[in-house]
Amino acid sequence: MKYENKYGFIGWREFLTNRKELLDEYDKALEKNSNRPVRISHGIAGEAAFRKMLKNHLPKRYGVTSGYIIPDIVSGDYKLYHYDVIIYDRLNSPVLWSEEDFDTSALGKKRAIPAKYVLSVIEIKSTFNQKNVKDSIAKLSELSPLKNHLHPFFSSNAVFFELKNNEINNIDILKQFCFKNEINFWGGLILRSELNTEMTGIISYGIDEDNNKNTEQSSVLVRDVNETKLVRKINGNIQLSNGGCELYIDQQGVNHFGKMYQSRIQEKNLIVNIGWSYSSFATYIIKILHLLENINTNKVHKYFFGRVYDIPENEL
């Protein structure tokens, strides 16, 4: 894996390797599935690979499984729902029952976990499109009746393996995320874009306190961050064109620039944003860790572990 004119802080290559391994597993399943008369296995394989990746990143006290969430008191009309990824308190939670799956690893088992031990639920979809986003939100919203039973630190999000080029102009997909949020849904991840397969997009919410309904809306869901130009002028200033970037000033006063593109819409005072960059995968993993530990990511010092930055070109 080559990243020309890029560097990063400790862990950046490891995060990118983990991301590549995850996508490689997904692609292998897609290729195997293409010759089958009924094409369903790639989604399941993607879920299993994602659970494996999470398990490798999370502290041992957290369990990762697929399965069912059981409220403390089950009424006669309660319906069981299966969830792709459940993160739970492994040290304290009983497993009410488990079922074997065709994924023969321990992470392939479906487990029934009491709601009060469930810290996070993640819905997994193959492609980022109108139907899959709508379905993922509908599935996660089924948790609403359990909201009083779930762990106090509970959160939910959705992960999509890829954004195809034929969906780039469909900015209205983001409107699917504007819903009555009773499940502490914060956004999620798009692991890659067909436009530039090395980029990852992290989905998030923001609140416009001024409720400015005239805020400009993006025209496309993604742009290639490699088209952004960072030029160090002869006088030492940095000139930015054809895109955006984030700036980090380290303790020695050195500036670090990371190319990025942000796609956004605004509905009333809710802003839905996709931030595309080479660092978004690391950002997602660290956000998951923060939420599990109940760390307010808006108030703590921002983590730069694992982030990727770009070396500006020198002006000729």
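Which residues are linked in a network of salt bridges?

## Network and total

D27, E162, K164 and R192 are the residues linked in this way. The structure is a predicted model. A search of the whole of it finds 16 salt bridges.

## E293 and R61

The side chains of E293 and R61 form a salt bridge, with an N to O distance of 2.2 Å. This pair links distant parts of the chain, 232 residues apart. E293 sits in the loop between helix 4 (280-292) and strand 15 (308-310), while R61 sits in the loop between helix 2 (41-57) and strand 2 (62-70).

E293 is partly exposed, at 35% relative accessible area. R61 is also partly exposed, at 36% relative accessibility.

## E182 and K147

A salt bridge joins E182 to K147, and their closest N and O atoms are 3.4 Å apart. The two residues belong to distant parts of the chain, 35 residues apart. E182 is in the loop between strand 7 (155-162) and strand 8 (185-190), and K147 is in the loop between helix 3 (130-141) and strand 7.

E182 counts as partly exposed at 28% relative accessibility. K147 is partly exposed too, with a relative accessible area of 40%.

## R307 and E246

R307 and E246 form a salt bridge in which the closest N and O atoms are 2.6 Å apart. R307 lies in the loop between helix 4 and strand 15, and E246 lies in strand 12 (residues 244-249), so the pair ties together parts that are 61 residues apart in sequence.

Are these two residues buried or exposed? Both R307 and E246 are buried.

Key
Residues are numbered from 1 along each chain as its sequence is written. This is a predicted model: local features need pLDDT of at least 70, side-chain atom pairs count only at pLDDT 80 or more; totals for chains, interfaces and linings use all residues. Side-chain values use heavy atoms; hydrogens and water are left out. A salt bridge is a side-chain nitrogen of Lys or Arg within 4 Å of a carboxyl oxygen of Asp or Glu. Helices (H or I, at least four residues) and strands (E, at least two) are DSSP runs, numbered from the N terminus. Buried means under 20% relative accessible area, exposed over 50%, partly exposed in between (1.4 Å probe, protein chains only).
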